[in-house]
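Colleague: Before I use this model, could you take me through it question by question, with the cut-offs behind each term?

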Amino acid sequence: MRLLIKNGTIVNADKSIEADVLCENGKIIEIEKNLKPKIVADKVIDATNNYVIPGGIDPHVHMHLPSPAGFSSDDFLTGSKAALAGGTTTFIDFVTPKKGQLLDEAIKERKLEASDCLINYSFHVSPIEWRDTIANEIKNCISNYGYISFKVYMAYKSNIGLDDDVLLKVMKTVAEAGGLLVVHCELGDEIEEIRNDFARKGKLSHKYHPLSRPSLLEAEAVKKAIDMAEETSCPLYIVHVSSSKSLKYISEAKKRGQTVYAETCPQYLLLDNTKYKENFNNSAAYIMSPPLREEEDNEALWKAISNGTINTLGTDHCPFTLEQKSAGKNDFRNIPNGAGGVEHRLTLLYTYGVLTKKITLNQFVALTSTNAAKIFQMYPSKGLIEIGSDADITIWDQKKVSKISSKTHKQNCDLNIYENIKIQGEPRFTIKNGEIINQSLYL
């Protein structure tokens, strides 16, 4: 199909221009002002007063994630519908093997689970243990599948987390293979001590969840991961940074010239730990790890986004219903952690970042698409409106005003951590591989 987008403002991470865009066979083939294609387009979009931006790339989602309370409420079909509704055309999920399972087998299983995904997707692969074959399995992920990023957890050591000696081995292997290590930074042993101490004292309400995962234990894990990565010359990507204390170590590492990337999420920019002071039904949606922090952390993260310390905005999208969250009503340790966000990522950053002048429009594109494309080796096919790039495009209506509601959102969940938040700006059209996505998919 030949698609012509006329009269819009193309916004890339480095510049903005007034021009038309012609797409064919899933690629951008011409960009020019007042473009008059030699062959009539099959479809023409008049993008007057709209921004034409690269389709969003969410580098951190968990669809169909298993938990003792059941799978997260969005699978790849419903989660990709929500992503498309929010202007995201690519996301990166995870392959987490079972103990003893080969990474190759886990990848094949996960790809089957993602078979009905409506958008482009890739995976971070998670080594959860060390065995003689792991080094070759990691190299195979890169050479056979093109998956260059490997997610490790410094928490959750009873099932998927790694002890320091194994973490060091994985870092060395990933560095030698030319990959990138993605790290969940919280000191797991110390957190378990606090959690179990609370349990012994009968302190089991949801209000103890944030107290059991203090920001200091995130920051100290960030420091340890950075130090180990420096020792092994391993490129590092730190997910869901929530604490101002963590930013200090990240900023210092960047200044030293170390390859360290950092991600945060909208919830850590816009919400704080007062959400945990309400009753269980009103607080349950906000149980996540790391937990929400103080207002001063929100402010520090906004500054870090503006000055480039933070490179990307992910969501850690992993929603659970109120019924699922209620599995831990009498013991916070049993509350499934996670919340939805893939649908609202762009509009929240636009409303509370661009419109408040905390960031520029070009930074908005960098944070939501271009930087992730570069870090995870998708650029310039993705993350860019340019001749030869994939025709993954969002037509952005900068004027549309609405309010987020669990009654109207597209994610498959009865909870929304952004309930009643006012937003301005939303996708008018989401285009994936040159095809305008049917709005009926969002219903």
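Colleague: How many nonpolar, polar and charged residues are in the lining of the second largest cavity?

Modeller: This is a predicted model, in which local features need pLDDT of at least 70 and side-chain atom pairs pLDDT 80 or more, while totals for chains, interfaces and linings use all residues. Residues are numbered from 1 along each chain, and side-chain values use heavy atoms, without hydrogens or water. The lining (residues with an atom within 4 Å of a point of the cavity, itself a set of points on a 1 Å grid where a 1.4 Å probe fits but cannot get out) includes Asp-390, Asp-392 and Lys-382 alongside Ile-57 and Leu-384. With Ala, Val, Leu, Ile, Met, Phe, Trp, Tyr, Cys and Pro as nonpolar, Asp, Glu, Lys and Arg as charged and the others as polar, this lining has 2 nonpolar, 5 polar and 3 charged residues.

Colleague: Why does the pair of Phe-76 and Phe-123 count as edge-to-face?

Modeller: Rings of Phe, Tyr and Trp pair if their centres lie within 6.5 Å, and planes under 30 degrees apart are stacked, over 60 edge-to-face and the rest tilted; by this rule there are 12 aromatic pairs. The centres of Phe-76 and Phe-123 are 6.4 Å apart, and the pair is edge-to-face because their planes stand at 85°.

Colleague: How many residues of helix α13 are buried?

Modeller: Helix α13 spans residues 345–354 and is largely enclosed by the rest of the structure. Its buried residues include Arg-345 as well as Leu-346, Leu-348, Leu-349 and Val-354. The count of buried residues in α13 is 9 of the 10.

Colleague: In the open sheet of 6 strands, which residue of β17 is the bridge partner of Asp-397?

Modeller: Strands here are DSSP runs (E, at least two residues) and helices likewise (H or I, at least four), and two strands pair if DSSP finds at least two bridges between them. This sheet, of mixed pairing, has the order β3-β2-β7-β16-β17-β18, with β3 (16–18) and β18 (435–436) at its edges. Strand β16 (residues 393–403) runs antiparallel to β17 (residues 422–432), joined by 8 bridges. Across this pairing, the partner of Asp-397 is Glu-426.

Colleague: In the sheet of 4 strands, which residue of β6 is the bridge partner of Leu-3?

Modeller: The open sheet has the order β5-β4-β1-β6 and mixed pairing, and its edge strands are β5 (27–32) and β6 (43–46). Strand β1 (residues 2–6) and β6 run parallel, joined by 4 bridges. Within β6, the partner of Leu-3 is Lys-43.

How values were computed: 1 Å grid on protein atoms, 1.4 Å probe; cavity = no way out; pocket = protein on both sides within 12 Å on 5 of 7 lines; lining within 4 Å. Phe/Tyr/Trp six-rings, centres within 6.5 Å; stacked < 30°, edge-to-face > 60°. Buried < 20%, exposed > 50% of the residue type's maximum accessible area, 1.4 Å probe, protein only.
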